[in-house]
Amino acid sequence: MSADTSPPEDPGGAAAAEPGDGVRPDDEPRPATYYHLARAVLYREFLIFVRYPANAIGGIVVSLFFFAALFLGGQLLAGQALADSIEGIVVGYFLWTLSVGAYSSVSNDIGSEVQWGTLERHITTPFGFAPVALLKGVAKVVRTFLTSAVILAVMLLATGTRLSLAPVTVVAVAGLSIVSVLGLGFAAGGVTVLYKRIGNWLNLLQFGFVGLISAPVFDLPWTRVLPLAHGSAMLQRAMVDGTRLWEFPPADLALLVAVAGGYLAGGYLVFQLATRRARRLGVLGDY
Amino acid sequence: MARSAASASDGPRKRDETRSADDDASTDGLTGPPALSVERLTKRFGDGDDAVTAVDDVSLAVERGSVVGLLGPNGAGKTTLIKCALGIVVPDAGSIRVFGNDVGDGRRAAYADVDAMLEGARNDYWRLTVRENLRYFATISGVDPDSVAARHDRLLDRLDLADKADTPVRDLARGMKQKVSLASVLAGGAELVFLDEPTLGLDVESARTLRAELRRLAVEEGLTIVVSSHDMTTIEAVCDRVVMLSNGRIVADDSVEALLGAAASDAVRVASPDLDAEAVAGLREAFEVLDVDREARPPAVTVAAGGDRLYDLTDALRAAGVTVSDIRTVQPDLEEVFLERTGSDLGAPSGGDRR
């Protein structure tokens, strides 16, 4: 629409022009910056979050129900042993709800966007898909933190557990931990683009996160390079022992960042390869 | 992939460059590169015996500001051609340029000025309102939504969506949703717009409104529009030029008038209650009788009688004592033109079920 032959007018008068009167108002499009992109993507997530709270509330209720089953069942079976480890369980469960939230929101989101025909529009954006996907990921993580915080609060109240909740430390460690899961979400989303049915099965992966969160990182140090495992151990120390972010050895922090970045990059690479193959096969945007 | 990941750190869109190039074009008339230039495009799906050639060595140029129809049955290659132009499908051979930018490599620049409404897709977010969709997709297409707010209002006015601007799309009727989908495609100011079966599934009235709006947008906004459809009413009403596709190949490419004109036979249809078997037999002696419709009320006969032969025909009819109740030249439609060129009609798939 920029083949606008009318001379430049003063910008203030733009809205005054009547439609269809032959005078083209001077609302020449300005290019959007990454700021506009971030605002648009985050605002959309926000709108859907506040406009359809049932989704978020439903997720919280289901998570709490599972936790209640775990806690009450555990009390019956393990009694005192459970009481001794309740802090660890609360922290682990908190991280698990975060992981599931981040993973499923990213992979389901890609699946839905394929169906809606909106994924192509994000791939064929002049920004490129990477920044859009990253911003969407950030939005999902923020959203997941909000719902998981509610779950954590209820768990703490219900079990009478006390944990160290230094916000910077918890958000940084937990956030970096689930960035690796975000990468897995992108990979799963990419596979879904190619093979629609397999995508549904990949949702089962989220139960595997339990294994990663409770990985024996002290006995088997190599498990630290798996997603979540190292971050989970650090989060336990932060929340149970009260270790602050700057009190961790730099090597631990470096590994946390490296694992997060590695899986995010790897997952994005899988997504890129999958969409490239989908473009060759002509299945991108087949409904 | 390496390329796009590496260039992810670049700015979003070289809009300034594109803009200035376009401004030059608008002052110099139609000089710049064409809106769409397709060269020797080929795309096959599948391997071996199952392979289907969806697009077969197609070359095509679309001038700025024109409205071109892609006409062909399902499976003719229309959608594949469009998806190749959008970069959603990677061709096996050939190249596509959008305003001079190669879709194959300079992808970012090419994306800035092209958008599409694909068949059967929502293309927008039903949980957002109409206006939120327009703002979102304008941004995604690389345009600051505040800078085009007035344009969006105008667009909504035109499409009769102004009252519904703050309604979530999911609460709208189907025809409205289709218009929102179109509006969201136009929201980012793309200058080349592909519309794949835009009137599919719409009722007669909505389809008519949409056709009128498309025509108006093309004329008033100077958009270049490529409409794909197997519905020739839409194509005839909206397009300046028609490209007919069959089995992935172009079988005709000309203006609507030229296609209809070339196909315009010399046929004249005469209806009269006096057209009994004897009268028809008499006509057959002097003329080529193309068709006899005895079921029509009154009965009708179609005779090849172009130019001066028309006078001979009327003389012959008078001599045979036939009182003419209706006489008209037979106007071919695009469907007949298509049939003539390909031997198959538009309703029939032209091979494979891939569109």
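Author: Six antiparallel bridges connect β9(B) with strand β10 (residues 249-255) of chain B. Strands pair if DSSP finds at least two bridges between them, and a strand is a DSSP run of E with at least two residues, whereas a helix is a run of H or I with at least four, both numbered from the N terminus. This is a predicted model, in which local features need pLDDT of at least 70, side-chain atom pairs count only at pLDDT 80 or more, and totals for chains, interfaces and linings use all residues. Residues are numbered from 1 along each chain as its sequence is written, while chains are lettered from A and ligands numbered from 1 in the order in which they are written.

Reader: Which residue stands opposite B:Leu245 in β10(B), and which residue of the hairpin takes a positive phi?

Author: B:Leu245 faces B:Ile250 in β10(B). The hairpin of β9(B) and β10(B) has two residues between its strands, and B:Asn247 takes a positive phi near 50°.

Reader: In which sense do β3 and β9(B) pair, parallel or antiparallel?

Author: In general, strands of a sheet pair through backbone hydrogen bonds, either parallel or antiparallel. Here strand β3 (residues 67-71) of chain B pairs with β9(B) in the parallel sense, over four bridges. In that pairing B:Val68 stands opposite B:Arg241 of β9(B).

Reader: How many of the six residues of strand β9 of chain B are buried?

Author: A residue is buried if 20 or more other C-beta atoms lie within 10 Å of its own, exposed if 12 or fewer, and partly exposed in between, with C-beta atoms placed from the backbone. Five of the six residues of β9 (residues 241-246) of chain B are buried, so this strand is largely enclosed by the rest of the structure. Helix α3 (residues 78-86) of chain B has nine of its nine residues buried, so it too is largely enclosed by the rest of the structure. Among the buried residues of α3(B) are B:Lys78, B:Lys83 and B:Cys84. After α3(B) comes B:Gly87, with a positive phi near 80°. For chain B as a whole, 47% of the 355 residues are buried.

Reader: Why does B:Ala286 count as partly exposed?

Author: B:Ala286 has 15 C-beta neighbours inside 10 Å, and therefore counts as partly exposed. This residue lies in helix α11 of chain B.

Reader: How is an open sheet described, and which strands of chain B stand at the edges?

Author: One sheet has four strands in the order β2-β1-β4-β5 (chain B), with antiparallel pairing. Its edges are β2 and β5 (101-102) of chain B; each has a single partner strand, so one side of each is left without a neighbour in the sheet. Strands β1 (residues 36-45) and β2 (residues 52-62) of chain B are antiparallel and share seven bridges. B:Leu36 is bridged to B:Val62 of β2(B), and B:Phe45 to B:Val52. Six residues separate β1(B) and β2(B) in their hairpin, where B:Gly46 in the turn has a positive phi of about 80°.

A second open sheet, also described by its strand order, runs β12-β13-β11-β14 (chain B), with antiparallel pairing. Its edge strands are β12 (288-293) and β14 (326-329) of chain B, each pairing on one side only. Strand β11 (residues 267-271) of chain B pairs with β14(B) over four antiparallel bridges, and B:Ala271 stands opposite B:Asp326 in β14(B).

Reader: How is the packing of two helices read?

Author: Two packed helices are described by the angle between their axes and the distance between the axes. Axes are lines fitted to C-alpha atoms, for helices over the stretch in contact, and angles run from 0 to 180 degrees between N-to-C directions. Helix α1 (residues 34-51) of chain A and helix α5 (residues 130-140) of chain B pack at about 145°, with axes 9 Å apart. Their contact (C-beta atoms, placed from the backbone, within 7 Å) includes A:Leu37 and A:Arg44 of α1(A), and B:Arg135 and B:Tyr136 of α5(B).

Reader: How many residues has the largest nonpolar core?

Author: In soluble globular proteins, nonpolar side chains tend to be buried together. A nonpolar core is a set of buried Ala, Val, Leu, Ile, Met, Phe, Trp, Tyr and Cys residues joined through C-beta atoms within 7 Å. The largest has 147 residues, and A:Leu182 and B:Ala85 are among those with the most contacts inside it. Apart from that core lies another, of eleven residues, including B:Leu275 and B:Val322.

Note on methods
Two residues are in contact if their C-beta atoms, placed from the backbone, lie within 7 Å.
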